[in-house]
Amino acid sequence: MPVPGSAAGTAVVPHQGPGPDRAAAGEGHRWDDVPTPTPPAWAELEQQHGQIRRGTDRNPGCEADDGLCPTLTVVGETRCALHLGWPLCPGHDEYTCPVRTRTGDQCAGCQEQASQARIAAALPATDDGTCPGHDGPCGRRAMPGDPYCARCRVASQRDRDRVVREWEAVRDAAVVAAKAQEAPEKAPAPF
């Protein structure tokens, strides 16, 4: 049976060219001019993965003690914190922290412990299961798993919501003021 449209001399299905990985008639393959890629040797792959695991690409080992110090360097330095002479973190309460800081201030962990201790000291604690109160002494029975009674918990949440609303109002006012100052700057330059 003849192909439809072939009577007029044109084929309905156009001639298809070779695909990107095939060569047209009279041409070579596209990969003939490119060297064949070879995978790296197994030892090279192990070395690369080992460096990534140890982090030696970003922080090489400390160069002190003729390169025998097992500690990684401080970012941007060639030595570890000990060999740079950084002082120890003063710790928190009676805890001696082994972390060294550049300025001798508390490390992030000790700062968090100190802030938690300040919060715990600010909250009145009762060991008898009664509520210490939100604004003043309460004496009611505390809810299970909560240091406050239901009334003081609601009062504290209302205070928290009030503080958040005040903060949002101040933030919104600052945004409006900043947008008002930026509006003239968006005008095109006169020259």
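A polar contact is a pair of N or O atoms within 3.5 Å. His 92 lies in the loop between α2 and α3. Its relative accessible area is 15%, so His 92 is buried. Beyond its neighbours within four places in sequence, His 92 is in contact with Gln 106, Cys 110, Gln 113, Ala 114 and Ala 117.

The chain contains 4 helices and 0 strands. Along the sequence the pattern reads α-α-α-α. Helix α1, residues 42-54, has the lowest value, 80. Helix α2, residues 81-84, has the highest, 90. The average over the chain is a pLDDT of 77. A score of at least 70 is reached by 72% of the residues. Where pLDDT is low, the predicted coordinates should not be read in detail.

Of the 191 residues of the chain, 15% count as buried. The chain exposes about 15,700 Å². Carbon and sulfur atoms supply 57% of that area. Contacts between residues at least 6 apart in sequence were also examined by separation. Of these, 5% join residues at least 24 apart.

Cys 107 touches Cys 89, Cys 97, Val 99 and Thr 101, with residues up to four places away in sequence not counted. Gly 91 stands 16 residues from Cys 107 along the chain. The C-alpha atoms of Cys 107 and Gly 91 are separated by 7.8 Å.

The cysteine sulfurs were then tested for disulfides. A disulfide requires two cysteine sulfur atoms within 2.5 Å. By this rule the count is 0. Cys 107 is accordingly in no disulfide, and the nearest cysteine sulfur, that of Cys 110, is 3.7 Å away. For Cys 138, the closest cysteine sulfur belongs to Cys 149. These two sulfurs are 3.7 Å apart, which is too far for a bond. Cys 138 has a relative accessibility of 24%, and therefore counts as partly exposed.

Within helix α3, Ser 115 was examined. Its relative accessibility is 19%. Burial requires a value under 20%, so Ser 115 counts as buried. The side chain of Ser 115 reaches the backbone oxygen of Glu 112 at 2.8 Å.

Gly 136 is placed in the loop between α3 and α4. Helix α4 covers residues 150-185. At 29% relative accessibility, Gly 136 counts as partly exposed. Cys 152 is 16 residues from Gly 136 along the chain. The separation of their C-alpha atoms is 9.6 Å.

Note on methods
Residues numbered from 1 in each chain as written. Heavy atoms only, no water. pLDDT = per-residue confidence, 0-100. Helix = DSSP H or I, 4+ residues; strand = E, 2+ residues; numbered from the N terminus. Contact = heavy atoms within 4.5 Å. Buried < 20%, exposed > 50% of the residue type's maximum accessible area, 1.4 Å probe, protein only. Areas by Shrake-Rupley, 256 points an atom, 1.4 Å probe, with all protein chains shown as cover. Polar contact = N/O pair within 3.5 Å; in protein donor to acceptor, adjacent residues only side chain to side chain.
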